[in-house]
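This briefing is intended to be read beside the sequence and the three-dimensional model. Please keep both in view while working through the points.

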Amino acid sequence: MNSVGIDVSKGKSTVAIMRPFGEIVASPFEINHTEEDFEKLVSQIKSLKGESRIVMEYTGRYYEPLANYLYNSGLYISVVNAILIHDYDNYSIRRVKTDKKDAIKIANYGLNRWLDLPEYIPEEELRQALKIYNRQFTQYTKLKVALINNLIALSDQTFPGIDGLFGKTPRKDGHQKWIDFIKDYWHKDCITTKTIKSLERSYQKWCSKNGYHYQSNKVNDIYQLANQKVASMPANANTKLIITETAKELISLIDALEKIRQEMNRIASQLPEYPAVMSLHGVGTTLGPQLIAEIGDIRRFHSRKALIAYAGIDSSPYQSGTIDIKSRGISKRGSSALRKTLFTVMDCILRHQQIDDPVYQFLDKKRAEGKHYYVYMIAGCNKFLRIYYARISAYLNSI
């Protein structure tokens, strides 16, 4: 009975091997994340007498190379939540934090939870790729919002009001008309120096070139706006450079986001639960793959409660003596990315107002009761996950 505790960090790990009753088989030592050191570690573990189990924490993506190598070598691996390790065996009031101490602590945790250690199984390649794409999609989306706000602030100094003239509903490819427009007509003087007739010809060519529907009445709106507004930045080469380059960078990011979105949908369509997920209300070709990416294989959850806990929207009871609190906030000890996706799904359901959708009916009922926005949105997420678990599990069992 050998418990191998591994404290994983970037590029290296600290290993300690323990047996029951505090017997130290191997004092903490460091290994680099190289194939040579991995081979030595595998040989050392396999040379031990008795059964060996390896325990490590979830540490971003740092643990995956070592965990996958050990798994492919036929060893028993268990990857546990870092919170469980952190809260275990804190007998000392001193705040000692070293890699060696952590490795011993993880090894002792493995001995204490020997029979309950869940076996680590590497994620399928498709699901892993989908999850990575989704995380990049989320990061790019945050950057896109920041760049849009920046471009609005800049355009208010060269062509005030242009961001609201065309509306902000994006095209199917993610492009927004005002962003493409400000790239070419970067200052209001680009309009005022033209006659209404020349602007009409110029705008018609621009619409044809950029794939937008031409509306003749829009020419007058653009012309009037340009003549009414006052720019605080001059129409010179410096102003042109900063506006056009900012717009180009934003357009490039929008194109990248659309490519990632399409690839996510292509990957998700190869997974067995894709048709069932896409049949849910509030889910489309963007949110569907995001849900599949963050939830993963539904069969890894033993119940719908486990899925809700994974999302971190469960509310645990609190009772001590005469204090018995029935209503508490959510735990948030789960996937923040999944919670964000669920909130977006709830927003779509509320906007589309599918009367026969049970989630919409539930949300509408809670709103009618005067519940706070955050309260009924969390309740809706809970309801949606219960339906998701039931329908996807039934679909997978039927195929």
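Predicted model: local features only at pLDDT ≥ 70, side-chain atom pairs only at ≥ 80, totals over all residues.

Residues are numbered from 1 along each chain as its sequence is written, and side-chain values use heavy atoms, with hydrogens and water left out.

- Strand β1 covers residues 2–8; strands (E, at least two residues) and helices (H or I, at least four) are DSSP runs numbered from the N terminus.
- Seven of the seven residues of β1 are buried, so the strand is largely enclosed by the rest of the structure; buried means under 20% relative accessible area, exposed over 50%, and partly exposed in between, with a 1.4 Å probe and protein chains only.
- N2, V4, I6 and V8 point one way from β1, whereas S3, G5 and D7 point the other way.
- β1 runs parallel to strand β4 (residues 52–57), to which five bridges join it; two strands pair if DSSP finds at least two bridges between them.
- S3 has R53 as its bridge partner in β4.
- With strand β2 (residues 12–19), β1 pairs in the antiparallel sense over six bridges, and I6 stands opposite V15 of β2.
- Three residues lie between the strands in the hairpin of β1 and β2, where G11 takes a positive phi near 85 degrees.

**Helix α2**

- In helix α2 (residues 64–72), the buried residues are E64, L66, A67 and L70.
- These residues cover an arc of only 165 degrees around the axis, which puts them on the same side of α2; the arc is that of the directions from the helix axis to the C-beta atoms.

**S155 in helix α5**

- S155 lies in helix α5 (residues 125–158) and is buried, with a relative accessible area of 0%.
- A polar atom of the S155 side chain lies 3.0 Å from the backbone oxygen of I152.
- Not counting residues up to four places away in sequence, S155 touches P160, I162, W178, I182 and I243; contact means heavy atoms within 4.5 Å.

**Y360 in helix α16**

- Y360 has its place in helix α16 and counts as buried at 8% relative accessibility.
- Leaving aside neighbours within four places in sequence, Y360 is in contact with I349, L350, Q353, Q354, I355 and R367.
- The C-alpha atoms of Y360 and K383 are separated by 9.9 Å, and the two residues are 23 residues apart along the chain.

**Pocket and cavity**

- On a 1 Å grid over the protein atoms alone, a cavity is a set of points where a 1.4 Å probe fits but cannot get out, a pocket is an open set with protein on both sides within 12 Å along at least five of seven lines, and lining residues have an atom within 4 Å of a point.
- The largest pocket holds about 1,900 Å³ of space, a volume being the space filled by probe spheres set on the points.
- The largest pocket is lined by 43 residues, of which Y58, Y63, K131, R300 and Y310 are the closest to its centre.
- α5 gives the most to the lining of this pocket, with six residues.
- The largest cavity has a volume of about 60 Å³.
- The largest share of the lining of the largest cavity, four residues, comes from α17.

Notes
Polar contact = N/O pair within 3.5 Å; in protein donor to acceptor, adjacent residues only side chain to side chain.
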